[in-house]
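Biologist: I would like to learn how to read a few features of a model. Please take them one at a time.

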Amino acid sequence: MIAKVEPLTPARSLRGPFDYLLAGALEDVGVGSMLVVPFGRRRLLGVVVDVAPESELPPERLAEPIAALEADVPQSLVALGLWVAREYVSTPARGLALVLPPGTGTGAGRPLRPKRSLRATMTPAGEAALREGARMGAKQRAALEALGGAPLGAAALARRSGCAHSTLRSLERRGLIRLESATEAPRRARIERVRASAPTVALTPDQAAAFEAIETRLAEAPDARGATRTGGRPLLLHGVTGSGKTEVYLRSVAAALERGRSAIVLVPEIALTPQTAGRFVERFGERVAVMHSRLSQRERYDEWWRMRRGEARVCVGPRSAVFAPFDDLGLIIVDEEHDGSYKQEGDPRYDARAVAERRAADEGALLLAGSATPRPESMLGYERIRLPRRVDGRHLPPVELVGMAGTAGPLHERTREALDQVRRAGEKAIVLLNRRGWSNFLSCRSCARVWECPNCDVTLVLHRAVEVVSCHHCGHREHAPRACPDCGSVSVARHGAGTEQLEQELEELVAPLPVFRLDSDVAAAAGVATVLRRFDEADAGVLVGTQMVAKGHDFPDVTLGVVLDADATLRFPDFRAEERTFALVAQLAGRSGRGERGGRVIVQALDPAAEALRFAARHDADGFLEAELRRRELLGYPPHGHLIRVVCSSVEPGPELDAATAIRAVMSSAGVPALGPAPLFRRQARHRAQLVIRSPQRAPTIAAVRAAVEQVAARREHGHASFAVDVDPQ
Ligand code: ADP
Ligand code: ZN
Ligand code: ZN
């Protein structure tokens with residue numbers, strides 16, 4: 001047999017698959033096996049992507065693999081990894097790296113193997129020798145006696161009987177014991193819990209109806225490795241905030257397990273949504289593998305094997321969990337499906353929601369996406385199930401829009417009043433400002449110098465607590481200035497308020513109530529779960545932070561939600577600006593009024609008449625989606641068309657623009673028009689130029705872009721440019 005092997009190398013130029021001859025011990029290697037293969041004078045790690053009876057190469061040119069590794073990947077995942085590589089204009093090695101055991105990478109590092117340890121077992125001959133008092137050394141006898149009936153780890157046996165490893169080996173040679181290597185039980189990963197109690201509750205009528213619809217679809221799905229592929233439409237669980245979507249997910253996973261199928265639950269980021277992940281662990285215990293961002297490589301690897309062996313049947317994790325190594329997948333859930341974190345930012349720039357669609361269709365699994373603010377894409381393409389009411393029957397909180405024109409300081413008068421009421425009543429509030437740090441830029445009052453990042457065309461943000469100014473695009477940091485280096489003036493003005501400054505302002509306003517800040521600065525230091533738990537356990541207080549505070553948290557006693565600068569997102573030139581703004585406001589509003597005291601929401605904006613805000617204030621997701629879909633259809637934007645972004649970059653100015661222009665020329669001669677090149681702001685010390693391709697046809701457009709980029713990248717004259725292709729940019 002011939003194995004077609006894709007080498008796991010980061011080099012874009014080395015493109016397989018290459019043929020290798022399978023013989024002898026490697027005869028049973030199949031698709032998904034990992035091999036060490038000779039390649040010229042090197043050895044490479046590779047994945048078998050196909051097997052064939054014969055090769056086009058003459059037999060004398062065919063090499064044999066050097067070894068097979070223990071890890072093998074389900075065949076369907078090999079296909080999925082290769083699909084990702086094609087769909088997102090990446091390399092097969094990078095696509096395959098997504099589906100391999102964690103730590104395998106693109107072959108640069110050594111793959112981990114399961115740790116093996118020796119186990120000792122008594123043989124019948126050993127038993128007889130003990131019984132009959134055969135001649136043997138005292139150490140050997142002690143070891144045999146210590147071993148007794150049950151197998152024991154060799155290290156433990158040596159310790160207990162006080163003998164050396166060599167004693168065990170001589171017992172083995174005499175046939176009195178057997179020494180075998182066995183895979184160690186993997187270590188379990190732990191996940192921090194935030195009030196994750198998940199008692200089995202009776203479903204509300206809405207939940208019951210939703211679950212029934214899901215169960216019906218699960219029943220239609222073919223059996224594991226079944227013959228029929230329904231390829232049914234994905235389901236969209238559109239439930240208002242607090243409608244009990246998580247309980248429906250839990251039941252659906254249980255139903256899939258009952259049918260003997262595994263399930264994947266995608267969540268935005270476990271660190272940000274510890275409650276949801278905790279509920280799954282609580283309900284399904286050891287059967288859950290949690291792919292947490294804080295896991296060590298080793299723990300990830302162990303979880304991968306628990307799934308691969310079928311010990312874990314449910315995988316809960318962020319976007320990469322869509323590649324969980326199940327070969328009997330029945331259900332994929334995408335929780336908070338509107339969340340931007342489902343898109344990977346590095347190559348391959350895949351969208352886990354699109355990968356989930358593909359995987360579900362290929363493996364005959366049901367895809368269930370859920371949100372209170374679904375994307376226009378899923379609204380159009382999925383079959384919708386509604387949860388129109390909150391579980392407790394409470395109304396969604398009233399939302400008040402206030403204009404900030406003429407207001408000095410970050411808080412509107414109405415907001416101050418509302419916060420004061422929270423203080424007097426000893427209640428809880430959540431305040432969202434999507435800007436971290438103290439001030440978002442500094443300028444010199446005498447010479448007007450502005451502090452900018454040396455690597456990017458953006459201003460540096462002041463973080464007062466640590467006395468640094470830092471760039472939020474590349475991480476550049478320097479000491480906060482005391483004086484202007486240009487003119488020596490000590491009068492430095494701070495503009496714009498971030499979460500750090502707001503925290504102090506709120507502390508003064510609501511004292512003695514505690515204020516808890518949650519943004520990525522705090523998250524890095526204290527951990528998100530810790531902050532959320534402190535806020536949860538406090539009797540009263542204010543949680544202030546970036547969009548992190550608007551994720552699906554469930555705190556029953558929050559009576560006030562506030563969004564500051566709600567239309568900041570609308571000021572970005574991005575076709576998703578409306579969608580983002582709507583989702584952010586609606587999600588934050590959903591955190592308020594989940595308890596007996598009810599709640600309310602104040603939204604501050606420069607332009608409170610903006611349509612996205614008005615829809616959010618009315619909790620009118622349907623109205624918003626309808627208007628948004630109409631707008632997108634007119635403009636040919638997703639989901640009514642496909643977008644591809646090509647970004648060329650270079651250290652010196654010039655090559656990036658030349659490269660983008662060349663790509664546009666190649667594309668236009670292939671009959672695919674591209675918009676641009678448009679310069680982007682310099683980022684991470686690279687000048688950038690962008691092309692945008694918009695087309696109703698997906699596959700041929702992706703193919704045309706790939707061909708054009710490959711062609712231009714191969715030209716010597718563009719050697720100084722780098723290329724990044726983003727299909728379905730977010
Ligand atoms: P969503 O994700 O839709 O915003 P959650 O799943 O967080 O809502 O549920 C909100 C709250 O309602 C949670 O505290 C949950 O435990 C509770 N809950 C869910 N279903 C029920 C039910 N059938 N009966 C009582 N409480 C429920
Ligand atoms: Zn100055
Ligand atoms: Zn920078």
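This is a predicted model: local features need pLDDT of at least 70, side-chain atom pairs count only at pLDDT 80 or more; totals for chains, interfaces and linings use all residues.

Modeller: Residues are numbered from 1 along each chain as its sequence is written, chains are lettered from A and ligands numbered from 1 in the order in which they are written, and side-chain values use heavy atoms, with hydrogens and water left out.

Biologist: Which residues coordinate the zinc ion (ligand 2)?

Modeller: Donors are N, O and S atoms within 2.8 Å of the metal (3.2 Å for Na, K and Ca); water is not among the atoms, so sites may look incomplete. Here the SG atoms of Cys-444, Cys-447, Cys-484 and Cys-487 coordinate the zinc ion (ligand 2) at 2.3 to 2.4 Å. Along the chain these donors follow the spacing C-x2-C-x36-C-x2-C. Cys-444 lies in strand β18 (residues 441-444) and Cys-484 in the loop between β21 (477-479) and β22 (492-495), so the pair ties together parts 40 residues apart in sequence. Strands (E, at least two residues) and helices (H or I, at least four) are DSSP runs, numbered from the N terminus.

Biologist: What is the geometry at the zinc ion (ligand 3)?

Modeller: Four donors count as tetrahedral if all angles lie between 85 and 135 degrees. Around the zinc ion (ligand 3) the four donor atoms subtend angles of 104 to 112 degrees, so the arrangement is tetrahedral. The donors are Cys-453, Cys-456, Cys-471 and Cys-474, each through SG, at 2.2 to 2.4 Å.

Biologist: Is Cys-456 buried or exposed?

Modeller: Buried means under 20% relative accessible area, exposed over 50%, and partly exposed in between (1.4 Å probe, protein chains only). Cys-456 has a relative accessible area of 1%, so it is buried. Cys-474, at 25%, counts as partly exposed.

Biologist: At what angle do α20 and α21 pack?

Modeller: Two packed helices are described by the angle between their axes and the distance between the axes. Axes are lines fitted to C-alpha atoms, for helices over the stretch in contact, and angles run from 0 to 180 degrees between N-to-C directions. Helix α20 (residues 655-669) and helix α21 (residues 699-713) pack at about 130 degrees, with axes 9 Å apart.

Biologist: Where does His-553 lie?

Modeller: His-553 is in the loop between β24 (541-545) and β25 (558-563). Its relative accessible area is 2%, so His-553 is buried.

How values were computed:
Four donors count as tetrahedral if all angles lie between 85 and 135 degrees; four count as square planar and six as octahedral if opposite donors are over 155 degrees apart and all others between 65 and 115; anything else is irregular.
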